[in-house]
Amino acid sequence: RFILTSTGSAIGDSPGPVDDDELRFAPNNFYGTAKACAELLTGSYQSVLSTAIIRIFHPYGPGGNQFLINRMMDLVLKGEEITIDGENGILLNPIWIEDLTTGILAAIESNETGPFNLAGPDLITLRDLLSLIGEITGVAPKIKNIDAPVLGGHAGGIEKAAAVLNYRPETKISDGLTQQLAYLKTG
């Protein structure tokens, strides 16, 4: 069994959540390009090896200082300005780290092949995410909009992962952010 952890960035921007079986690659950065290449290589072995590709969509939680959501919370808490494209920014469905772990374990224990998206249950724009962080932390986010096109979203549909791996992320974004804030206060 071979599991490749990939990223939604391999697919690139999309106006809505991308399907688990999406095989269109349009990465817009080096990281996404490297992961797209790795997905293609992994897919070529499916006839001789049990493989699964796990595309992760914006994990967040304790210990993830480089995660986008964690960085956004840190910037809000520090009172720093956050720039977003257009009025609302990108569309996301972040995944709490424990839900991600559950999904990875399900993929490891399964013999099912192909790509599986692991993302959270809530779709949210970047602006709404920042507002929610503000409500939870009690610190109003400083948002600067720039007149730039919003290329799309960074959200993944989880229908295949739900049907095949019985993947059911349970942590709502508001609950995860509350847990992350509690973690920051204790650490």
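**Side-chain contacts and surface features of the predicted model**

K78 is exposed, with a relative accessible area of 53%. In this predicted model, K78 forms a salt bridge with D74, and the closest N and O atoms of the two residues are 3.1 Å apart. D74 is partly exposed, its relative accessible area being 34%. Both residues belong to helix 2 (residues 68-78), where a spacing of four residues separates them by about one helical turn.

In total, four salt bridges were counted. A second one joins E39 and R55, with 2.7 Å between the closest N and O atoms. E39 is located in helix 1 (residues 30-43) and R55 in strand 2 (residues 51-56), so this pair ties together parts that are 16 residues apart in sequence. E39 and R55 are both buried, that is, each has under 20% relative accessible area.

A further salt bridge is formed by the side chains of E87 and R127, at an N to O distance of 3.8 Å. E87 lies in the loop between strand 4 (81-85) and strand 5 (91-92), whereas R127 lies in helix 4 (residues 126-137); the pair therefore ties together parts that are 40 residues apart in sequence. The relative accessible area of E87 is 53%, and E87 is therefore classed as exposed. R127, in contrast, is buried, at 18%; the cut-off for this class is under 20%.

Aromatic contacts were also examined. One aromatic pair was found in a search of the whole structure. The ring centres of Y60 and W96 are 5.3 Å apart and the ring planes meet at 65°, so the pair is edge-to-face; this class requires planes over 60 degrees apart. Y60 is in strand 3 (residues 59-60) and W96 in strand 6 (residues 95-96), and the pair links distant parts of the chain, 36 residues apart. Both Y60 and W96 are buried.

A ring also takes part in a contact with a charged group. The charged end of K160 sits over the ring of F116, at 4.6 Å from the ring centre.

On the surface, a nonpolar patch is made up of F2, Y45, V48 and L49. Together these residues have about 400 Å² of accessible area. F2, one of the members of the patch, is placed in strand 1 (residues 2-7). The relative accessibility of F2 is 37%, so F2 counts as partly exposed.

Note on methods:
Residues are numbered from 1 along each chain as its sequence is written. This is a predicted model: local features need pLDDT of at least 70, side-chain atom pairs count only at pLDDT 80 or more; totals for chains, interfaces and linings use all residues. Side-chain values use heavy atoms; hydrogens and water are left out. Patches are made of residues with over 30% relative accessible area and no salt bridge: like charges are joined within 9 Å, nonpolar side chains (Val, Leu, Ile, Met, Phe, Trp, Tyr) within 5 Å. Accessible areas come from the Shrake-Rupley method with a 1.4 Å probe; for residues, only the protein chains shown count as cover. Helices (H or I, at least four residues) and strands (E, at least two) are DSSP runs, numbered from the N terminus. Buried means under 20% relative accessible area, exposed over 50%, partly exposed in between (1.4 Å probe, protein chains only). Rings of Phe, Tyr and Trp (its six-membered ring) pair if their centres lie within 6.5 Å; planes under 30 degrees apart count as stacked, over 60 as edge-to-face and the rest as tilted. A charge sits over a ring if NZ of Lys or CZ of Arg is within 6 Å of the ring centre and within 35 degrees of the ring normal.
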